[in-house]
Amino acid sequence: MDPTSIGWLALPLAILGGAIRVSTPFIFVSIGELITEKSGRINLGLEGTLMLGAMAGYAISYLSGSPWLGVLSAGLAGMAFGFLHGLLCSVKRVNDTAIGISLIVLGTGLAFFLGKPLIEPKAPPLPSIALGFWSSVPQVRAALDVNALFFVGIALAFAVYVFLNRTGWGLMLRTVGDSEDAARALGFPVLRVRIIATMAGGFLAGIGGSFLSLSYPGSWSEGLSSGQGIMAVALVIFARWRSVNALGASLLFGGAGALGPALQGIGVTGYYYLFNAAPYILTLAIMVASTSRAAPFADAPGELKLHR
Amino acid sequence: MSVPQVELKNMTKRFGANLALNNVSLLIRSGTVHALLGENGAGKSTLVKCLVGFYHPDEGHIQVDGREHRLNSPKDADALGIGMVYQHFTLVPSMTVAQNLVVSGARLPAYINWQSELRRLAEVTKKLPFHVPLDVRVSQLSAGEKQKAEIVKQLYLGRKLLILDEPTSVLTPAEADEVLGHVRSLTRAGELSAILISHKFHEVRRFADDVTVLRRGASVRTGAVADLTDDALAEAMIGEPVSKIVQHAPKSPPKSDIILSISDLRVNGDNGLPAVKDLSLEVRAGEIVGIAGVSGNGQLELVEALMGQRDRSGTIAVSGSSFNGTRLEIARLGVYGLPQEPLKNACIDRMSLAENLALRNFDRVPLCRGIAMNYGALAEQAERLVAQFRVKAPSLTASMSTLSGGNVQRAVLARELTQDVRLLVASNPTFGLDFVACEETYRRIVEARNGGAAVLLISEDLDELLGLVDRVLVMSAGRIVHEVSAEGADKRVIGKYMAGMKAA
C-alpha cells in the first residue's frame with residue numbers, strides 16, 4: 001500500500017484544512033459586524049465591502065509586489081466604505097438596513113468595474129505557515145498549511161472580548177449600542193462612536209475580502225464571494241453578539257463549507273451541489289433554531305432596530 | 001466639598017413658537033429637598049434638562065454658589081456635581097451594576113481589572129445607605145433596585161445636587177419611603193441637595209422642604225411646603241379651584257352575576273418563565289376590582305392574556321362563555337379596554353382620528369356596506385363622539401399622532417365606552433396623563449361601573465386604585481396574594497403584600 005494513502009482519514013483532514021481556510025474570512029467579517037452591531041447599527045453592506053477589499057487587496061499586492069500591503073489597503077478600502085455607511089446613517093431618518101443593501105450593490109459593482117483588468121494577472125499571494133512540516137503525508141501537510149491571517153483572526157476574537165469587557169472604551173461602545181438615552185445622559189458622543197465602530201467593522205471586512213483574493217481561493221474573479229458578507233450577519237446573531245462565539249461559529253460554517261470539496265477530494269462526486277449548499281442550509285437551520293420569542297438575547301444590543 | 005446653593009434665574013426657553021419656559025426662577029437652598037409640581041407639559045422636564053446641560057435656555061442663567069455657569073453638555077453639569085435620575089432609567093440593561101458605575105465615571109479607565117475594581121466599588125458603596133448587588137445585570141433587577149442603583153450611581157459620582165424625576169412611580173410605598181427617606185436624611189446631614197419632581201402631594205409634603213409649582217412654563221407658586229395647603233397647590237397646578245371630582249358615586253351592592261371569571265391562569269413572560277401563576281379571580285357586574293402591584297409582577301402578562309394577545313393555559317370566561325379575544329367574542333360579550341399609553345396600544349398613530357374612532361365597528365353596518373367603507377357614516381360617528389367626549393383635535397382627518405396625550409385618551413374613552421360595555425379592562429389608564437384627563441378617565445370608569453359593567457382596573461398607582469375600586473386584589477410574583485374590600489383597605493398592609501412580604 002502506498003504510504004501516502006490514508007484512505008478515509010483524508011476526509012476529516014480535508015474538512016479541517018478546509019474549515020481553517022474557509023472560516024478565515026468569516027472570522028474577520030463576523031467580528032467586524034459584531035463591533036458595528038455592538039454600537040447599535042447594522043451594516044448589511046459588508047458583502048460589498050468584502051468584494052471591494054478582495055479587489056483592492058489583489059490590485060495593491062499585484063502593483064506593489066507585497067501581499068501584506070495588499071491586506072492593509074483592503075482594510076483601508078473597507079474602512080472608507082464603513083465611514084460612508086456610518087456617515088450616511090448619521091443623517092436623520094436614514095435607515096441603516098437600506099443603506100447597507102445599497103452598499104452591497106455599490107461595493108460589488110465598484111469592485112467588478114475596477115477589477116476588470118485584474119482577472120488575468122497573477123498577484124503574489126499571502127504566505128502560509130507550514131504547520132504540517134513534521135509529517136510526510138501530503139494530505140496532512142496540505143491541511144496544516146495555514147495562513148497567518150487565520151491566527152490573526154483567532155487573536156482578534158479574544159482581543160475584542162477583552163476590549164468589550166475590560167476596557168473603558170469597550171464599555172462606552174456597549175453603552176451606545178444598548179441605550180442611546182444612557183449614552184447621552186453620560187455625555188458620550190453617540191454618532192462618533194457609531195461611525196468609528198462601523199469603520200472598524202469595514203476595516204475587518206476588507207481584510208476578510210483580501211484573504212479571499214490573496215490566499216483562498218487566491219485569485220480575483222467576479223464569483224469570488226458566495227455571500228460570506230451576508231452570512232456573517234447571521235453568524236453574529238447565532239453567536240449572540242459574543243466575539244469568541246463568533247470565532248466558533250465561523251469555524252463551524254467553514255467546516256460546513258469545506259464538506260463538498262472534501263468529499264469531492266476523496267472521490268465522492270455525487271450530490272456535489274447538495275454538499276456545497278451545506279453552509280446555507282446550516283444558516284437557515286440555525287436561524288430558525290436560535291431565534292425564538294421565548295428566549296430573548298441578553299447580549300443583543302438594545303439599540304438595534306430594523307427601522308428608526 | 002460642601003453642598004452648593006444652586007439658583008436658576010429668569011430661565012426662558014422656546015421650542016419654535018412654543019414657549020416651554022417663561023421667565024422661571026428657582027432657588028434650591030443648600031441641604032434641602034425642593035419639590036417641582038406641575039402637570040405634564042408644564043415645563044418641569046425642560047427646566048431640569050437645562051440644569052443638567054441637555055437644553056440651553058434662550059434667556060436666563062444658572063448660578064452655583066453665586067457664580068454664573070454655562071452648561072453646554074451633561075459633562076459640565078457633572079463637573080458641578082449636578083446629576084439626574086431619569087424616570088426612564090439610564091442604566092445600560094445588558095451591563096452589570098459595576099460596569100454601569102465604571103462607565104459613568106468622569107474618566108474612562110483604559111484597562112479594567114475587575115477583581116480589584118469590584119473590591120473598590122464594594123468599599124465605596126458600603127458607606128451608602130442603599131444596598132444593590134454589583135455583579136448582577138441591570139436587566140435582572142426589579143424596578144425598585146434599578147431606582148436604588150441609579151441613586152447609588154449618582155452618589156458614587158459624588159453628586160451634590162440630585163434631580164429625581166417622578167422617582168416613586170415604580171416603587172412600592174415601602175420602597176418609596178425608604179428611598180426618599182434616605183435622600184431626605186442625606187440632605188439633612190448636609191451632604192446633598194435634591195430636586196424632587198412629583199405629582200403626589202403626600203410625597204411632597206413628607207419629603208420636601210420647599211415647593212415650586214409650574215403651569216404652562218411659568219412658575220406660579222413657590223414657598224415652604226409647610227406654608228401651603230394641598231388645595232392651594234392643586235389650584236396652582238391646574239389654574240382653577242378644584243372640586244374633588246372623583247367621588248364614589250352612591251353605589252348599589254354589586255349584583256350577583258359574575259361577568260369575568262378567570263381560573264388557574266398560567267402565562268409565560270417574554271423571557272419564557274412563568275409570569276402569572278395559577279391565578280383565579282372573579283369580577284361581578286357593577287363592581288370595580290382593582291389589581292395593585294409593583295410593575296413587573298405579572299400584571300402586563302395578565303392583561304395581555306386576558307385580551308387574547310398572549311398564549312396562556314387555564315380558563316377565561318366572560319358571562320359564562322369562554323373568551324379568547326377574537327373580534328367576534330369581543331363584540332358579542334362586550335369586552336373593552338383602556339390600555340396604558342393609549343397612543344401606542346389602542347390607536348394606530350398614522351391613521352386619522354375618525355378612523356381610529358371606528359376601529360371597533362368599521363366592519364359593521366352602518367360603517368360599511370358590503371366590502372366598501374361608508375365614509376359618510378364614519379365621519380358622522382366621529383363628529384358625534386368628538387362632541388360628546390370633548391376631544392380637541394385640529395380636524396377629524398388629522399392623524400392621531402398630532403393629538404395631545406389627554407385628547408388621545410378622550411378619543412379612546414369615546415370609542416370604548418360608547419359600545420355596549422359589559423367588561424372593561426383598564427390597565428394603568430392614566431399613566432402619563434395630565435390632571436384633567438386623569439379626572440375624566442376616573443369619572444368615565446365610575447360611570448361605566450354605575451351603568452352595570454364589570455371593571456377590572458390594573459394600576460401601579462395605589463392612591464388612584466384605592467380612590468376608585470370596590471375591592472382590591474394585590475398581585476405579587478404572578479399570584480394574587482391578598483384580597484380586601486375598599487372599606488377595609490389599609491395602605492401599609494397592601495404595601496407589604498405588594499413587596500412580597502407576609503403581612504405582620
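**Entry 1: chain A**

I started with contacts, meaning heavy atoms within 4.5 Å. Among contacts in chain A between residues at least 6 apart in sequence, I found that 75% join residues at least 24 apart.

Before going on, I noted that this is a predicted model, where local features need pLDDT of at least 70, side-chain atom pairs count only at pLDDT 80 or more, and totals for chains, interfaces and linings use all residues. Residues are numbered from 1 along each chain as its sequence is written, chains are lettered from A and ligands numbered from 1 in the order in which they are written, and side-chain values use heavy atoms, with hydrogens and water left out.

I looked up the secondary structure of chain A and got 13 helices and 2 strands. Helices (H or I, at least four residues) and strands (E, at least two) are DSSP runs, numbered from the N terminus.

How much of chain A counts as buried? I read 53% of its 308 residues, with buried meaning under 20% relative accessible area (1.4 Å probe, protein chains only).

**Entry 2: a sheet in chain B**

I traced an open sheet of 6 strands in chain B, in the order E16-E19-E20-E13-E21-E22, with mixed pairing. Two strands pair if DSSP finds at least two bridges between them.

I then followed E21 (residues 471–476) of chain B, which pairs with E22(B) in the antiparallel sense over 6 bridges. Here B:Val474 stands opposite B:His482 in E22(B).

**Entry 3: one loop residue**

I picked B:Asn428, in the loop between strand E19 (423–427) and helix H15 (435–450) of chain B. Is B:Asn428 buried or exposed? B:Asn428 counts as buried, because its relative accessibility is 7%. Leaving aside neighbours within four places in sequence, I listed its contacts as B:Gln340, B:Ile458, B:Ser459 and B:Glu460.

Technical notes. Buried means under 20% relative accessible area, exposed over 50%, partly exposed in between (1.4 Å probe, protein chains only).
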